[in-house]
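Here are a few notes from my pass through this one.

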Amino acid sequence: MTRALYSLCGADERHFFSPHCWKAVMALAHKGLDFEEVPTTYSRIVDIGGGFSKTVPVLDDNGRLISDSFDIALYLEDTYPDRPSLFGGEGGKALSRLVEGYSQMMIHPAIMRIALLDIHSILDEGDKAYFRASRESRLGKPLEDFAAGREAEREAFAAKLEPMRHMLRFQPFIGGESPLFADYIVFGALQWLRIAAGLAMLAPDDPVMAWFERCLDLHESRGRTVTAA
């Protein structure tokens, strides 16, 4: 069986930075499934499966294509029920949707402001033009203007992780004693920041950093990419 995961990369094909692709990587590894991670720039996404998806990750599981990290996790859970569960039941799926909302509404916007210019800088030249045009259209202003408040955002970033610190008072992972897909959602966001701009805004003794280090130690994740720090 051939299994490939198309993941977003920078000009350096070892530079995998997408939070959503990291969620899929961790989900596949959690299930103990072998796969090839295929470096994919923005400009090459259109070539996947004849234009199957406008975004990555895309999983090709022996010819079956699935896009969207959450849909990939649901597919893996249903298709490989004999492997370790990503959700631990229906409650875990509901928990993961809540964590997804927290991550994308609270953490991602802060990371975008902090790391936007760093992300732009690691792309190849063709992707830089696409990234600038698409993001400036979405943001309604030049990248540099949007990123002007990055230092204030860096200073405020740690406070956005207070829900994580509360949880970590009681258990080592969002999933309890061991990680579930909900953990990989927040891990993907912080890995995005780590790879693009580093995590210097979090204190070394922050409980979130201890949790993040535990996640990095899972599934040989630490050595899968080059990082900013």
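Where does Asn 62 lie? Keep in mind that this is a predicted model.

1. Asn 62 sits in the loop between S3 and strand S4 (64-67). Its phi is positive, about 55 degrees, although the residue is not a glycine. With 48% relative accessibility, Asn 62 counts as partly exposed.

2. Asp 68 is worth a look too: its phi is near 75 degrees, again a positive value in a residue other than glycine. You'll find Asp 68 in the loop between S4 and helix H2 (69-79). Its relative accessible area is 36%, so it is partly exposed.

3. Check the peptide bond between Val 56 and Pro 57, which is cis, with omega about 15 degrees. Pro 57 belongs to the loop between strand S2 (36-40) and strand S3 (58-61).

4. On to helix H9 (residues 207-216), whose buried residues are Val 208, Met 209, Trp 211, Phe 212, Cys 215 and Leu 216. Viewed down the H9 axis, these fall within an arc of 160 degrees, so they line one face of the helix. They pack against helix H1 (19-30), helix H7 (162-168) and helix H8 (181-196).

5. The crossing is right-handed. Among the residues making the contact are Trp 22 and Met 26 of H1, and Phe 181, Tyr 184 and Trp 192 of H8.

Technical notes: Residues are numbered from 1 along each chain as its sequence is written. This is a predicted model: local features need pLDDT of at least 70, side-chain atom pairs count only at pLDDT 80 or more; totals for chains, interfaces and linings use all residues. Side-chain values use heavy atoms; hydrogens and water are left out. Buried means under 20% relative accessible area, exposed over 50%, partly exposed in between (1.4 Å probe, protein chains only). Helices (H or I, at least four residues) and strands (E, at least two) are DSSP runs, numbered from the N terminus. The arc is that of the directions from the helix axis to the C-beta atoms. Contact means heavy atoms within 4.5 Å. A crossing is left-handed if the near helix is turned anticlockwise from the far one by less than a right angle, and right-handed if clockwise.
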